[in-house]
Amino acid sequence: MGSGMLRASCEVRIPTVSITDIVGNASAISGLEVYITQRAANIPAPLSLQPSTLDLRGFDLCTEEVIEDLRGVFLWTETVIDTEINIPCPVIVPGLPQQTATRRCERVPRTDQGRRSESSSRFQADWGPANNTLCPFASAITRELQAISQVAFNTSQPDMLVSTTSALRNATSNTTELSRADVDFTSVALLNLVSSTAASMVELNQTVEREVVSNVVESVNNILEVPETSIGSAPAARIASSLETLVTGIQPDAGQAVVVDTPNLGFSVICLADVLAQGLRAETSGLEIGPVVNLSKVAESLADVALDIPRDAIQLGTDRLQASNTSNCDSAPTQFIVYRTTSLFQDRSLDNSTSVASQVISAQVGDLTSVPLEEPSMMSFSINTANISENESAVLTCVFWNFSINNQLGGWSSDGCRLVNSSGTRGVCQCDHLTNFAILVSRRALLSTEPQSDAEVALSIISLVGCGLSMVALLASMGTTLAIQKLRASTSQ
């Protein structure tokens, strides 16, 4: 039988326009059986279909497709239009029930209308999006980080805090195998930890507190080993804000300091016995960070990065803290964080000619966050100009990280900061508040200073002579015009 149609009271579509094409075509027969079975469920029994009662029309199938993602390899078999199929998840986790992924073969407007025959439909089959969210991840590391991100943290369970953050540190330690999903789950875990415990960290004994904080810092250090493109702006923003909130909650005893240092970042929290008359400085060289009394000008520091907190900032933070009566310190705890890589500060608004040329240093006194200071803070940075070529100049800008811009993803801003001094390798900044600071470098092309060839010299001379003659001619023309006007005026008189 050809592609003609038999009129009937029931319409059944099959994946071909010729009955002879069905013979030996298992997929087409299966498609017909599935379609009839599904439609028969809506028709009162008994259902009797005879060849003479069918209206046979051609229609499309969704072709077989193989998709691989972080949850494994999925084989989506040839499927009839308007049909949803379920397939087993490729990864089976012992002890957990087998899950399935679903996908629908959808009806969409036909894209080849120009070639459509009269018996063809105006629609064609196309795969819809797959739903495999119930499938476990293929990587055991990803599955573990996913589980950690769903933990409900609580300071009333200190052993759980230590064990979970230790598991987070261990799961992120194999940095070469961390995926974008791993970084995302880590950032969610840190956000959940801080949201649940930051306000009550002071209730923990110091041993537990130090161990939790150390595990978190080492986990972040592991993430900073991952290429910046694999971190992403949103996870980076979550990690940076979570880390700083956690560090802010640390309350050392009076006269004591807590220091944690790793290759990619370090922090120091100091509880002063009293407010120092000369303020406080944090500086880092190599892999060491520590608070020092600023006996010299910060501009004279040769550290990788150094920052001075003025006395009035410490006093202001202390007054606010004593009013709330939430600290063991005689003065407000002063926190410093140094980021030796800038992966957590991804400003998508920067153009390709601008980049961060220094380490990033964060400073805070108590709960003073971006509070205007009467006396500005000073900082000195070692500048990396390796990306500046001989034909370019470097323009330096002192900036701070504003967490609230770029849709809460953060970005660099120069408000309240200015460049005080700079040399080829160092820059000194002054800012009127405390937060995260760095120096941006913008590349600017220089005018060419290469010697000109004889031909170029000749062309330059010709151009100059031509311009000179043009100017002389213009002046002569203007003089002639004025003379004629004066002559006419005297004649008329």
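Mentor: The crossing of H6 and H7 is left-handed. This is a predicted model, so every value here is computed from predicted atoms. Helix H6 covers residues 206–223, and helix H7 covers residues 233–248. Their axes come within 11 Å and cross at roughly 155°. Because angles over 145 degrees count as roughly antiparallel, H6 is roughly antiparallel to H7.

Next, the residues that meet. From H6 come Val213, Val216, Val217, Val220 and Ile223. On the H7 side, the residues they meet are Ile239, Leu243 and Leu246. Sorted by class, this contact of H6 with H7 has 8 nonpolar residues.

For contrast in topic, turn to a loop elsewhere in the chain. Strand E19 (392–402) and strand E20 (411–413) have a loop between them, and asparagine 406 is placed there. Asparagine 407 also has its place in the loop between E19 and E20. Most residues other than glycine have a negative phi. Asparagine 406, which is not a glycine, has a positive phi of about 55°. Asparagine 407 is not a glycine either, and its phi is positive at about 55°.

Asparagine 407 has a relative accessible area of 76%, so it counts as exposed.

Conventions: Residues numbered from 1 in each chain as written. Predicted model: local features only at pLDDT ≥ 70, side-chain atom pairs only at ≥ 80, totals over all residues. Heavy atoms only, no water. Axes fitted to C-alpha atoms, helices over the stretch in contact; angles between N-to-C directions. Helix = DSSP H or I, 4+ residues; strand = E, 2+ residues; numbered from the N terminus. Parallel < 35°, antiparallel > 145°, perpendicular 65-115°, else oblique. Left-handed = near helix turned anticlockwise from the far one by under 90°. Contact = heavy atoms within 4.5 Å. Nonpolar A, V, L, I, M, F, W, Y, C, P; charged D, E, K, R; others polar. Buried < 20%, exposed > 50% of the residue type's maximum accessible area, 1.4 Å probe, protein only.
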